[in-house]
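Please keep the sequence and the model in view while reading.

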Amino acid sequence: MTTLLDYCSLVRSKNAGPFTLTFDFICHDRHAYDALVATGFLNEHLFATLYNTDRQNILVVNHPLALAVKVSLPRPTIQGSLHDTDCYAGQQYAPLMDMEVLPG
């Protein structure tokens with residue numbers, strides 16, 4: 001089974017302000033980056049499904065010079081609100097880690 005860690009040396013989530021989550025996927029090298037992008041795994045549908053938001057609210061940006069993919073979407077709750085269970089959004093990437101990345 002191929003996972004994100006087979007492609008990436010760093011996978012993280014964090015706040016991009018109090019209303020936005022951002023995910024960073026930094027690949028090991030050019031070959032890993034090209035292979036990950038070719039799978040199409042990191043797409044709006046995946047994040048809309050996992051994080052219960054509309055596809056049109058998700059931004060997926062490929063950064064070939066940085067060997068990275070960045071994904072941003074609205075936070076499910078405002079940072080620091082009463083119902084916020086992850087104030088720094090540092091745990092939001094976890095559901096992605098055990099998923100199989102299939103070749104595109």
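A residue is called buried when its relative accessible area is under 20%, exposed when it is over 50%, and partly exposed in between, with a 1.4 Å probe and protein chains only. The model is predicted, and so local features need pLDDT of at least 70 and side-chain atom pairs count only at pLDDT 80 or more, while totals for chains, interfaces and linings use all residues. Residues are numbered from 1 along each chain as its sequence is written, and side-chain values use heavy atoms, with hydrogens and water left out.

Helices (H or I, at least four residues) and strands (E, at least two) are DSSP runs numbered from the N terminus, and two strands pair if DSSP finds at least two bridges between them. In this model 4 strands make up an open sheet with antiparallel pairing, in the order S1-S2-S4-S3. Strand S1 (8-15) and strand S3 (59-63) are the edge strands, each pairing on one side only. On average, neighbouring strands of this sheet are turned by 15° against each other, direction ignored; such angles run from 0 to 180 degrees between N-to-C directions, with axes fitted as lines to C-alpha atoms, for helices over the stretch in contact. Strands of a sheet pair through backbone hydrogen bonds, either parallel or antiparallel. Between S1 and strand S2 (residues 20-27), which run antiparallel, there are 7 bridges. Lys14 stands opposite Thr22 in S2.

In one of them, Asp24 meets Arg12 at 2.8 Å, N to O. This pair links distant parts of the chain, since Asp24 lies in strand S2 and Arg12 in strand S1, 12 residues apart. Asp24 is buried, with a relative accessible area of 6%, whereas Arg12 is partly exposed at 35%. Asp24 also forms a salt bridge with Lys70 (2.6 Å, N to O). Because Asp24 lies in strand S2 and Lys70 in strand S4 (residues 68-74), this pair ties together parts that are 46 residues apart in sequence. Lys70 counts as partly exposed, at 28% relative accessibility. Arg12, Lys14, Asp24 and Lys70 are linked in a network of salt bridges.

Another salt bridge joins Arg75 and Asp84, whose closest N and O atoms are 2.7 Å apart. Arg75 counts as buried at 9% relative accessibility, and Asp84 is buried as well, with a relative accessible area of 16%.

Aromatic rings form a further set of contacts. Rings of Phe, Tyr and Trp (its six-membered ring) pair if their centres lie within 6.5 Å; planes under 30 degrees apart count as stacked, over 60 as edge-to-face and the rest as tilted. By this rule there are 4 aromatic pairs. The ring centres of Phe23 and Tyr51 are 5.2 Å apart and their planes stand at 50°, so this pair is tilted. It links distant parts of the chain, with Phe23 in strand S2 and Tyr51 in the loop between H3 and S3, 28 residues apart. Phe23 counts as buried at 0% relative accessibility, and Tyr51 counts as buried at 13%. Phe23, Phe25, Phe47 and Tyr51 form one aromatic cluster.

Technical notes:
Salt bridge = Lys/Arg side-chain N within 4 Å of Asp/Glu carboxyl O.
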